[in-house]
Every structure is written in C-alpha cells, then in structure tokens.
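Please have the structure open while I talk.

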Amino acid sequence: MSDPTPRTAVPNLIITEDNKFFFDAAREGRLEIQRCADCGELRHPPGPACPKCRSFNWDTIEASRKATLHSYTVVHHPPDPSLTYPLAVGLVDLPEGTRLVADIEGIEPDELELGMELEVGFGEHAHGEILPRLFRPGGAA
Amino acid sequence: MSGISGKAAIAGIGATEFSKNSGRSEWQLACESVLAALEDAQIGVEEVDGMALFTMENNPEIAVARALGIPELKFFSRIPHGGGGACAPVQQAALAVSAGIADVVVVYRAFNERSGHRFGAGPPPFAYAYNTDQEYRNWINPYGLLTPAAQEAFLARTYMHRYGATSADFGAVSVLSRKNAANNPKAWFYERPITIEDHQNSRMIADPLRLLDCCQESDGGVALVIVSAERARDLPHPPAIISAAAQGIGPQQISMSSYYRDDIDKMPEVELTANQMWAQSGLTQNDMDAAILYDAFTPMVLLQLEEYGFCGRGEAKDFIADGNLEVDGRLPINTHGGQLGEGYIHGVNGIAEGVRLIRGTSVNQPTKTLNNVLVTGGSPVPHSAIILSADR
Ligand SMILES: [Zn+2]
C-alpha cells in the first residue's frame, strides 16, 4: 500500500562520536575536516581512527570552502520529495586535500564541467538538516 | 592450482520464471528454485546439509529447510554486499564441501524485487537501521544519491572523461545483452532486441546513465547445488568444476561510494579478486573462453573487462566494438541476456548460465569448445567471482 503523503526516502543521519563535529559545524555554516592529531593526515568521510597511523586521536580544521568539480551526475529519476529535479550532484576536490559530495544549486546542468571552481555553502536538506551544498564561487548564501 | 581449486562443482541449477509479478511469496520462490536445482542434480532433498546465502536474502535457510522438510543443516553462512557478493556463497559452499563440513550445499536467491521492494526506488528497508553498516549513507543519501544508478554515475562520468568513452559505448553492452536475451525463452526480454538508437533515446536516469543502461527489476528465484567434484562426476550432468572462487574488498572501499580514492574509476577490489582467480586456478584471462560479467549497469561491464585484464585501461569500448563479446567472439559474455535482458536475480542467474555454458546447453552456446567460464559479482561494492571449468 502506498503512503498518501509524500515522504522522503533519505534516511535520518546516523550521528556518532566520530562524525558529530561535521554536522554540528554545518549547522553553524562551517565546513570541518577531521585531522589526525598525531600525524596530521586529513580524512573524510570521518572515522574513529587514522588509516595512515592508526591513531584514535583527532581534531578538526575548518576548510576554506573552495572546491573544484571532480565528477558529477544529474539525477532525473526517481525523484525524492526532499529535493528538486533535475538534480545536479557533485563530487568536489577541496584544496585541503579531501573530497566532498553535495548537491549543486544555481548552475544549469549543461553548464557543469569537470574542473570548474565551486564554493561550498550550506542549505536545508531532508529532515531539516543543514548540510553542505555547492554553488558558483561567491554564490553561497 | 591450490586450495579449493577443482575440489567442488556445481551439479545442479534451478530457477523459477523471471517476471514482474510472481504472484507468490518470496519464500515459495526460494523453495521452488531449490527443488528445481536438486531435481536437475538428481540429488534428494533430504540430502541437503548446507546452505550459503546472501545476507540480503529474505528467506532464511531455517525457513526453507522447514518448508521443504530438510531434516538437518550442518553448514549455513551468509555473505554481505548484495550482488557484489553474488559468487561468494559458491565460495562458501566449495569451502564447506572441500573441507568435509557438508556434502550437499545449496545456494539460492529469491525475491519479488519488482512487485515487492524495488532497489531502483530508493534505499532498501535495512538502510534505515542505525548502525555503522549504514553510516556511509550520511555522505551520499541526503544529497540525492539514493539509488545505485545515481551512486555509480560519478565513476561512469570520470571514466568517460578520462578515456573518451561515450554513452553509446555503454549502450553497446545493452544492445548485446538484449540480442542474447531475444533468443532466450526464459528471458523477460525474449524476442525484444533493441538498437543503439533505442538506447540513446531512452530517458536519462542519472546522467550519464540512461534507462537502458540499467538492468531490470525482477521477481524470481535461482538455486545452485554444490557437491564435491568426485560426487558430481557420478551425477547426470557434466560437472561445472569450481576452479577458483574469491572475494575482494579494496583500500578505502565504501559501499557504492568509494569516492575518496585517487582514481574513482578504478576498482581495486575487482583487481584483487581477479588476481585470486588466476592464482587459485593456475589459469589466466587468456584461458577464459566466455564470461558472465555482472551487469546491473552497463559501465561496470567495461570497467570489469579492464580490471580482469581482457583489455587495457580505457580500451573496453574498442574491445566491444571489435565484436569480441559476441557469441562467436573472443570472449562471449552474458549469453543468457544478462540482468539487462534475462532477469535481475542479483547475479545468481548468471552463475546458472555459467554452468549451462560449461554443460554446452546455453540458448546462445558458442560453437567453440568452452573449458573455462569466468562469472563475476557486482561492483562498485565488495566483489566476488568464480571460474567454472569443464571436467577434462
Ligand atoms: Zn595519523
């Protein structure tokens, strides 16, 4: 039986001791990257240990929010009520050295080009979560 | 040859019809396919003493054993990662049989994936569990990467950009599969081939993936019976000897979204599995006479051709264009029509086709002698593969 009210298929965030910093910072408009407190290696997505030196000690740095488009897709089907379509989603390289996935706003799909400069901003997503969103440089709210 | 190579064989295959609405329970589909495979092997139901399944299988061994009156199971194991692990239950079965833990191990996969929960519709029910297994969804699902097609699209685009492959190059896989399916009365797309224009005109799902780059969604079940090679030789069908069976997880792998590696269009877990194929069997890719390459989405066929070393990096489009994958080509693939054409039974229908190729009973049986057939699981998730060989 189908649900009469449209409901997002996006699962609730799974917030743990390892990744809470990211979502807390996003709500305040900051993009943070986890850093090994022993060897300095950055990692994303977050995890409990440094894959390079296996240390459990970590802190975070605030990223510049500069980004370069590494790859992208434009999703058409099936649509989710929490997003608008066609939906461009990008995988970006951050100058800090990690990557990030986020949806792209304010750029027509046919204007997307690998290697183009973008900026990481934030916006409301499913379940009211404030999460990263990609914009043209200077276009983030 | 080493380890389990040559010690076990697939002696029976069975399936239900492949449909869009089976009209019966998944449990019944599992039971029907198991009985069909045992009948094919000419092994009594009461002789089954092991089962190896997907973790995603909704019909547990305990339920099928009860329904079919299988008195005792001494071995039961489960493999995660859906179609990526498709060949791994066969590895489990071969391990159990060759170690003497069990004598007759059944592998099955049965679901109403079209009339029930559709994987293409969004995250599966288990995606909503609050655990480390599903934590990776934090980084893709909220942004709209909700389906496997959307999650694979980054790799496909990077691959196209790097090597000049086009949507039509992906479409060639779809056209070939539908040509093979058109000859297969069991295929959903029996007598319904497509042209490259059909592919190019099919609607975009997750650019660059079009509808006809995506496999079907199907209801149905497939089962396999694994016994020792010695026992298999006394059974009615020529045994499909398991010459290699392996799994692979690569560095910094994330389910469907290993986006943080240097080259996102490489699949080291597939390479890891490929290397085990050759090491276990003492064979090379040049010894593979045919292959069943997991084809939930067309780009993964190109990437697998390269990871298994059938051609160089970026050369798959030319390898395909040169006709190598045709039924009478160098490496016929997906002769049943694949999951694009026959049905989507999470790769297990492809294993059954591998057995038919070894027996010489495929509807699209190549004219050449087939000694070795590679069968692969899905990607870009943890991977698995087997080599099936004729008993010569
Ligand atoms: Zn470290």
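Let me begin at the interface of chain B and chain A, where 15 residue pairs are found in polar contact, counting pairs with both residues at pLDDT 80 or more; that threshold applies because this is a predicted model. Across that interface, by contrast, the rule finds zero salt bridges.

Turning to the side of chain B that touches chain A, α4 (148–163) and β5 (204–207) of chain B each supply at least two residues, and the largest share, six residues, comes from α4(B). By class, the residues on this side of chain B divide into 21 nonpolar, ten polar and seven charged.

As for the extent of the interface, 38 residues of chain B are in contact with 37 residues of chain A, and the two chains bury about 3200 Å² between them, with 65% of that area on carbon and sulfur atoms.

Now to the helix pair, which lies within chain B: how do helix α5 and helix α9 of chain B pack? Helix α5, residues 167–182, and helix α9, residues 298–307, pack at an angle of about 95°, and their axes are 8 Å apart; α5(B) and α9(B) are therefore roughly perpendicular to each other. On the α5(B) side the contact is made by B:Asp169, B:Phe170, B:Val173 and B:Ser174, and on the α9(B) side by B:Thr298, B:Pro299, B:Val301 and B:Leu302. Sorted by class, this contact of α5(B) with α9(B) has five nonpolar, two polar and one charged residues.

Key
Residues numbered from 1 in each chain as written. Chains lettered and ligands numbered in written order. Predicted model: local features only at pLDDT ≥ 70, side-chain atom pairs only at ≥ 80, totals over all residues. Heavy atoms only, no water. Axes fitted to C-alpha atoms, helices over the stretch in contact; angles between N-to-C directions. Helix = DSSP H or I, 4+ residues; strand = E, 2+ residues; numbered from the N terminus. Parallel < 35°, antiparallel > 145°, perpendicular 65-115°, else oblique. Contact = heavy atoms within 4.5 Å. Nonpolar A, V, L, I, M, F, W, Y, C, P; charged D, E, K, R; others polar. Buried area = accessible area lost by both parts, 1.4 Å probe. Salt bridge = Lys/Arg side-chain N within 4 Å of Asp/Glu carboxyl O. Polar contact = N/O pair within 3.5 Å; in protein donor to acceptor, adjacent residues only side chain to side chain.
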